[in-house]
Amino acid sequence: MIKFLLMVNKQGQTRLSKYYEKVDIGKRPALEADVVKGCLSRKKEQCSFVEYKDFKLVYRQYAALFIVVGISDTENELSIYELVHNFVEVLDKYFGHVSELDIMFNLDKVHIILDEMIQNGHIVETNRNRILAPLLALDKMAEAH
Amino acid sequence: MIRLLYPVHIFSCNLGSNPTALLAEALSTVLSPTFLSKYSIKIKHLMCLLNFLLSSLPPVMKEIMVRAIYCEMLGYQASVSYIHAIKLAQQGSVLEKRLGYLAVSLFLNESDEFLLLLVNTVLKDLQSTNLNEVCMALTAVSQMFPKDMIPAILPIVEEKLTHPKEVIRRKAVLALYKFYLIAPNQVQHIHSKFRKALCDKDPGVMTASLHIYLQLVKESPESYKDLTVSFVTILRQVVGGKLPMDFNYHSVPAPWLQIQLLRILAYLGKEDQGTSEMMYDVLEESLRRAEMNHNITYAILYECVKSIYTVYPKAELLEKAAKCIGNFVLSPKINLKYLGLKALTYVVAQDPNLALPHQMTIIECLDHSDIIIKRATLELLFRITNAQNVTVIVEKMLEFLRQSSNDYSTVDLVGKVAELAEKYPFIKQDPLNLCNGMQPDIPNNFLRLLAEGFDSVEEDRQLRLFAVDSYVLLLQGETASLPQCFLQVISWVLGEYAHLRPDQASDPGKVMRLLTRLLDQRHASAQTRRWILSALTKLCSSPVESSLFSDWPVRLTAVFRGVPQVDSSLSFLDGHVSEALAAGAAPYKPPHQRQEELAHEKALSLEPYGLSLPVSLSTCSITDRLTDRQSPTRLSISSSVSGNSTELSLKGGSTTLKLDGVKRVWGKEGYLVQQPKEVVEETPLPPTELPSPLGSFQSPVSQTQTASPGPEPDQERQQLASSLFVGVGTHHSVCLVRSTACQSLRSSGHFIIVCCVSSPQVSCVSGDLVEEVKGHSVATCQYAVVMMRASVDVELAGLVSYQRVPGQPRATPFSLRLSLKHFIRPLTVSTGEYGKMWLSFSHDVKQNLRLITAGDQSPLTATLDTLRDRLHLHVVDIIGSEGIVACRLLRGQPCLLHCRVHADSLAVWLRSPIPEFPDSLLYHCQKALAEA
């Protein structure tokens, strides 16, 4: 079960956050700061999984951007680690060499992509074409207008 | 204001040319933390601005909505935009609609009432001819939907299961899954349609249906055994690469789908040989196929190994799986190593020998620089612990505990060490280090271990001595970093076993000094101080130099200043004092004045008390100061028992103390004294080595009772005390039935037990006692003690004097703490009687108490039941939101409680004929509810 997904840069600024379990909006910044601190302090040769409170964090770094996923104890860490990569590949395919700026200025689109992949904390789609299909259909309509 | 208007100004000037880009830029600027702090813009104002923009600028609404999302992401609640998000979903073009739905899903919770406003929009969109709209409506529904409105859209969603487009069918299945999660009963009738979805020709729809099946199979594997063949077939097809190419991830066919299927198979095959046999082949195939060297294949392998070790075992397969793990553990990639250790943890649970080939790797991992690897290794070691290696493993665990900073893993690991300590009781000294944990039952378990001991007396003594020594050492160092519950454990252990220290006899004050130092420290909580005080009280029972106590009045005042219930101004006593003064009582005199008068009025025959009651007097001088709450009530009883020892044990009846005669003596201090209540047993036991005295056995007993509201001993501590009591006995070990408070005294070969029993069956208790020590000469004396003036707490102090050899009187002091709740008995009255009594009582107190919620009971019932169970009150009646409760003092006056639920607290009104009873009872009610 996935609890949340965060995209944070090296300065600790949140670029995207999506929670699959209820977390008060007031408590989110503190949680995010804590999570980021836990991941940033890790060295390259260390494991990509961290224990945090009663759950685990799986993180993956792409240039200056960290993607951190909070998962329950029963989840398969490595499959989530690869899911993160799949997500990035999808973003890459859509934006073409995705960068932090793409995510900043297309927050809605990144969210739409994420909604296709993960729902209620479960992985619902991993096929890249199918993930992008609804978004591409929307883009097409926008162009036609 | 000018600063605030600045960005608005930009918007209004440039809206004509290119509003969207500028807006985005401006809002981003405004929302950046640096800008916020630089211009000290209040978030409130920002939200006003946002609201203004959203309501007045429909053409750029979409852009502003994205900024609102951004705003929430930064942690600023943008509630002004919620309604606009719903509007956008309702009225916008297709693109705006999607954004509206997205914003709603990010802003709102499942329980939000705003969601109801979305139902009509969803309904409309589901019926739309535009596939995009249907699609986004289904996506929104599968993320969040109000539970109560499911029936409104369920038929339409069901209809979509047969839609020609796979994406619609897939999303419909996911929406139904959501419904199943939030309201399983509503979708019960469509289980056959789930099966159809499982057999859908499109792999995407089938994958979606697996979410439902994983959930269903997890809940009741039996009902879905018939589907095993289908799942096996699907997995075989997936593994065999029968899916379209675009399902591949790095040339691995649909890895997450495989993992999902393996999990379902594990649930189905668990403890079921027949079902398991059906899946052996496909599991083996999965193992074989997943050989490509990529992370994702390892993820599948891990899941596969887990499944193989969960289903009914097949030796051949187990062996292959175990071999497979070797690839993980030996991998130089750290992530794989971690997963390998996790897999190995599953495997060794079945067969610890499988860990043997990886011994060296495990040892390596144990000293790994990465803490999570260490943690996983310890988890693995925990599973292979046996009698031979337990010491080393626990050592490693403790080593880890010293470095760990994660509270959760510390608690978890401490629990494991404690478990091992219980399982392999010969690890003697290790548990002592583990109380650093925070889990509350661990110290309890540990203390039980220490108090109950092992089989050998010598081992017990050594362990206890080790505990005492290590704690003394700890206390000599810096104590600020120790957790509170650890300090409590230390206090208890020192209180109980400090006498085991070899140098205790020569320097009895050492431990006490350490404890007092702890008491003075600011970081000790009120709870901890109680433990410390209790320990000190225990230590006081052995002779100590009085200089230690010279500064105690000050110290205790400081301690009690921290106790929240204390009203230091004593204002609540004003009425009582004026009443007493009116009745002719002497006005209060400060201690020094009393001392002076005492010196002058020695003729008043107070001297004998001073001589015979050294302990009780010193206690009094303490309690005098510390009783901010109420003045101590003291009382002296004198009686003498004589006769043959056997006769005594036979007689053993209860003697109610007559107090009328002594009342005047204590009146001198300004207190009225009324008491008798409970049963006091005093048993002088001549030890075995002495010949049983057949001649006359004289035992004049004198005792003093001191009522004082000190820190009350709670139930738990009393239990600890009685279990400690068992350990203390040198050659006798006496187990007392449910005693309220007990103290054992040893004096020159005698074993004296003073015990308060809060039960009316006095004879039963003495019977047990005699039973336990039969073979020795026993003398039993029993007294009933009642409390006439209510007090939160009383201290019962006295002196047992006896003569073993005629003409050689001996005396041993004792003191026991008793709480008001031991004196409370239920008062069974009818509602009518209650009403009459209520009107006739004059002393009352009103207070709000907290309500307890428990299960399906109403809070009022739950709260009153708690009070009934904990304080022995009688619940007379509960009518609506009001309840009436009655109790009385043992053989004494009643107290009535009238409770009414008011908002989320319980307004309680107590009345009694005794002035301080309502107040004291209220204190115990508060405490009982706080503990519940």
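Start with chain B: of its 932 residues, 54% count as buried (under 20% relative accessible area, with a 1.4 Å probe and protein chains only). This is a predicted model, in which local features need pLDDT of at least 70, side-chain atom pairs count only at pLDDT 80 or more, and totals for chains, interfaces and linings use all residues. Residues are numbered from 1 along each chain as its sequence is written, chains are lettered from A and ligands numbered from 1 in the order written, and side-chain values use heavy atoms, without hydrogens or water.

Colour chain B by secondary structure. It has 40 helices and 17 strands (DSSP runs: H or I of at least four residues, E of at least two).

Next, select the contact between the chains (heavy atoms within 4.5 Å). Chain A brings 56 residues and chain B 65. Zoom in on A:Ile25, A:Leu78 and A:Arg130. These lose the most area to chain B in chain A, together 12% of what that side buries (buried area is the accessible area, 1.4 Å probe, that two parts lose on being put together, summed over both). For chain A and chain B, that area is about 5300 Å², with 53% from carbon and sulfur atoms.

Now show side chains. Nine salt bridges cross the interface (a Lys or Arg side-chain nitrogen within 4 Å of an Asp or Glu carboxyl oxygen). Pick A:Glu116 and B:Lys171: their salt bridge spans 2.9 Å, N to O.

Finish on the side of chain A that touches chain B. Elements supplying at least two residues each include β2 (14–19), α1 (28–40) and α5 (128–144). Which element gives the most? Select α2(A): it gives nine residues.

Methods: Buried means under 20% relative accessible area, exposed over 50%, partly exposed in between (1.4 Å probe, protein chains only).
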